[in-house]
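Biologist: I should like to learn how to read a helix and its surroundings in a model of this kind. Could we work through the case shown here?

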Amino acid sequence: MRDAVGSFVGWPSDLIFPDAETPTRPTHKVGKGISRRIESVASQKEVPGRKLKSAAKDIPTTSGTKSQIMMHLEKMVDESDIMHGAIRSIDFDEGVFGAAHFEIIAKEDMQQLFEHDELGIAVIHTYIWYMYVTLMRGTELCNRFNFIAASRINATLITKNPTSVKNDLVDRFKAAGDNTTPSLYFLPFNSGNGGHWVLVAMDLSRLIVYYLDSLSGDWSKYPSMKKTVDAAIIKFRSKKNYRNRKDITWVRVQCPQQNNSVDCGFFVLRFMRDIIALNRIDIPKMYFEEYKSYSRAHLDEMKDELCQFIVDQRII
């Protein structure tokens with residue numbers, strides 16, 4: 001993690017990654033800066049979610065230069081103390097991850113967004129917060145879709161303490177209710193091996209786990225992850241006295257594939273966005289007809305959404 005020289009920041013345990021292969025930020029040392037804790041504007045009142053675009057035909061098929069909102073935010077960042085090592089600590093709505101959570105935003109996180117670079121946890125989590133506020137909060141979608149913090153469940157933590165990770169998963173399941181009706185838990189999972197992101201979507205009521213990977217292969221690449229997820233589901237159901245009428249079924253979804261080495265994080269976010277926008281608990285094995293592939297414009301659209309959200313939330 002970075003040093004916050006000249007300031008005091010209360011670091012939560014779920015943001016501490018002791019292993020170099022964990023999806024942390026680059027290990028650049030920052031200069032002096034005052035950490036400013038920002039209160040979430042959106043958290044001050046409940047508002048209904050609004051619909052995102054749900055059809056690929058609404059999205060341009062080519063990408064051009066940076067949008068006006070991105071250039072506006074980039075200028076704000078350039079003129080802020082973030083460029084001199086300051087950070088922002090942002091409170092998330094408790095509904096996002098089922099418990100209190102705050103995220104640290106710094107210069108390198110914004111650069112990932114502006115330069116279309118590999119995404120770290122801060123950007124992944126902030127876009128999840130955007131989806132929760134914009135599409136879900138105040139609607140019945142909160143009963144259908146749940147998010148699991150990537151900082152608590154990843155390959156490095158599973159290797160070090162699989163029992164603790166399993167128990168964290170069980171606690172997350174319990175926070176959302178009885179899970180007797182179909183719903184999905186989204187886990188953006190980082191492999192810890194070069195920082196590759198995949199999406200694991202769990203339906204506890206039907207004992208189905210969907211695996212979406214923008215590169216070839218399936219869950220067999222991460223056997224410890226599968227073992228931990230299965231164990232957590234079984235433990236949760238046993239605590240609730242649900243009878244496991246069948247084995248847990250894992251489904252490899254034939255989802256859009258990336259064509260470079262940096263887009264996996266963007267694809268994972270787009271997978272979640274599409275599923276929520278379409279309000280689909282059952283993910284077709286051949287993915288959705290509306291989204292057979294992603295152009296760069298599909299990913300640029302998400303970046304613009306996040307830029308606008310960061311401006312609206314007064315994070316910078």
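**Reading a covered helix**

Modeller: In this predicted model, helix α9 is mostly covered, with 12 of its 17 residues buried.

Biologist: What span should α9 have, and how far apart are its end C-alpha atoms?

Modeller: At 1.5 Å a residue, the 17 residues of α9 (residues 296-312) should span 24 Å, and the end C-alpha atoms are 24 Å apart, so the two values agree. Just after α9, arginine 314 has a positive phi of about 60°.

Biologist: How does one describe the packing of two helices?

Modeller: Two packed helices are described by the angle between their axes and the distance between the axes. Here the axes of α3 and α9 come within 10 Å and cross at roughly 140°. An angle over 145 degrees would count as roughly antiparallel, so α3 is oblique to α9.

Biologist: Which residues make the contact, and of what class are they?

Modeller: Met110, Leu113 and Phe114 of α3 meet Lys303, Leu306, Cys307 and Ile310 of α9. By class, this contact has six nonpolar residues, one charged residue and no polar residues.

Definitions and conventions: Residues are numbered from 1 along each chain as its sequence is written. This is a predicted model: local features need pLDDT of at least 70, side-chain atom pairs count only at pLDDT 80 or more; totals for chains, interfaces and linings use all residues. Side-chain values use heavy atoms; hydrogens and water are left out. Helices (H or I, at least four residues) and strands (E, at least two) are DSSP runs, numbered from the N terminus. The expected span of a helix is 1.5 Å times one less than its number of residues. Buried means under 20% relative accessible area, exposed over 50%, partly exposed in between (1.4 Å probe, protein chains only). Axes are lines fitted to C-alpha atoms, for helices over the stretch in contact, and angles run from 0 to 180 degrees between N-to-C directions. Angles under 35 degrees count as roughly parallel, over 145 as roughly antiparallel, 65 to 115 as roughly perpendicular and the rest as oblique. Contact means heavy atoms within 4.5 Å. Ala, Val, Leu, Ile, Met, Phe, Trp, Tyr, Cys and Pro count as nonpolar, Asp, Glu, Lys and Arg as charged, and the others, Gly among them, as polar.
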